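Hello,

Here is the structure I promised to pass on to you. Have a look at it first, and then read my notes below.

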Amino acid sequence: MNPDSVDVCFLCKKRVYVMERVSAEGLFFHRSCFQCDYCSSTLRLAAYAYDQHSGHYSNEAASHRKMLDRMESEDI
Ligand SMILES: [Zn+2]
Ligand SMILES: [Zn+2]
């Protein structure tokens, strides 16, 4: 094991070890950090969405899509 190969969580910037790590899009996260920004449920790698404009992570639920749409339209 190379101690220099410890990765950093993209969201909290703290060290993340293999046991508690999830990776997506070439980034690493703590399991506990990789949560929906709207309902705080843990995201699954097969079903999450990242909105590049707002920087929010969310799960792929249709209800969340509506929330996002509403938030974006309120922004104007
Ligand atoms: Zn983290
Ligand atoms: Zn959610």
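Let me start with E25, which is found in the loop between β3 (21-24) and β4 (27-30). Strands here are DSSP runs of E with at least two residues, helices are runs of H or I with at least four, and both are numbered from the N terminus. E25 has a positive phi of about 55° although it is not a glycine. For background, most residues other than glycine have a negative phi. E25 counts as exposed because it has 7 C-beta neighbours inside 10 Å. The cut-offs are these: a residue is buried if 20 or more other C-beta atoms lie within 10 Å of its own, exposed if 12 or fewer, and partly exposed in between, with C-beta atoms placed from the backbone.

Before you go further, please keep in mind that this is a predicted model, in which local features need pLDDT of at least 70, side-chain atom pairs count only at pLDDT 80 or more, and totals for chains, interfaces and linings use all residues. Residues are numbered from 1 along each chain as its sequence is written, while chains are lettered from A and ligands numbered from 1 in the order in which they are written.

**Confidence**

The average pLDDT of the chain (the predictor's confidence in each residue, from 0 to 100) is 82, and 84% of the residues score at least 70. Strand β2 (residues 15-16) has the highest confidence, at a mean of 94, and helix α1 (residues 62-75) the lowest, at 70.

**Overall layout**

The chain holds one helix and six strands, in the order β-β-β-β-β-β-α from the N terminus on. Of its 76 residues, 9% are buried. Among the contacts with a separation of 6 or more, 5% are between residues 24 or more positions apart; two residues are in contact if their C-beta atoms, placed from the backbone, lie within 7 Å.

How do β3 and β4 run, and how many bridges join them? They are antiparallel, with four bridges between them; strands pair if DSSP finds at least two bridges between them. Two residues lie between the strands of this hairpin, and E25 is the one with the positive phi near 55°. In the pairing, V22 stands opposite F29 in β4.

F29 also turns up in the largest nonpolar core, which has six residues in all: C9, V16, F28, F29, F34 and L43. A nonpolar core is a set of buried Ala, Val, Leu, Ile, Met, Phe, Trp, Tyr and Cys residues joined through C-beta atoms within 7 Å. Apart from neighbours within four places in sequence, F29 is in contact with C9, F10, L11, V16, V22 and F34.

H30 lies in strand β4 as well. With 18 C-beta neighbours inside 10 Å, H30 counts as partly exposed. Its contacts, again leaving aside neighbours within four places in sequence, are C9, C12, V16 and E20. H30 and V8 are 22 residues apart along the chain, and their C-alpha atoms are separated by 8.8 Å.

Strands β5 (residues 48-51) and β6 (residues 56-59) run antiparallel and are joined by four bridges. Four residues lie between them in the hairpin, where G55 in the turn has a positive phi of about 75°. Y50 stands opposite Y57 in β6, and A49 has S58 as its bridge partner.

H53 is found in the loop between β5 and β6. Is H53 buried or exposed? It is exposed, because 8 other C-beta atoms lie within 10 Å. From H53 to E72, 19 residues apart in sequence, the C-alpha to C-alpha distance is 9.7 Å.

N59 has its place in β6 and counts as partly exposed, with 18 C-beta neighbours inside 10 Å. Not counting residues up to four places away in sequence, N59 touches C36, S41, L43, A47, Y48 and H64. The C-alpha atoms of N59 and Y48 are 4.2 Å apart, although the two are eleven residues apart along the chain.

**One more loop**

K13 is found in the loop between β1 (7-8) and β2. Its phi is positive, about 65°, although K13 is not a glycine. K13 is exposed, with 9 other C-beta atoms within 10 Å.

Best wishes
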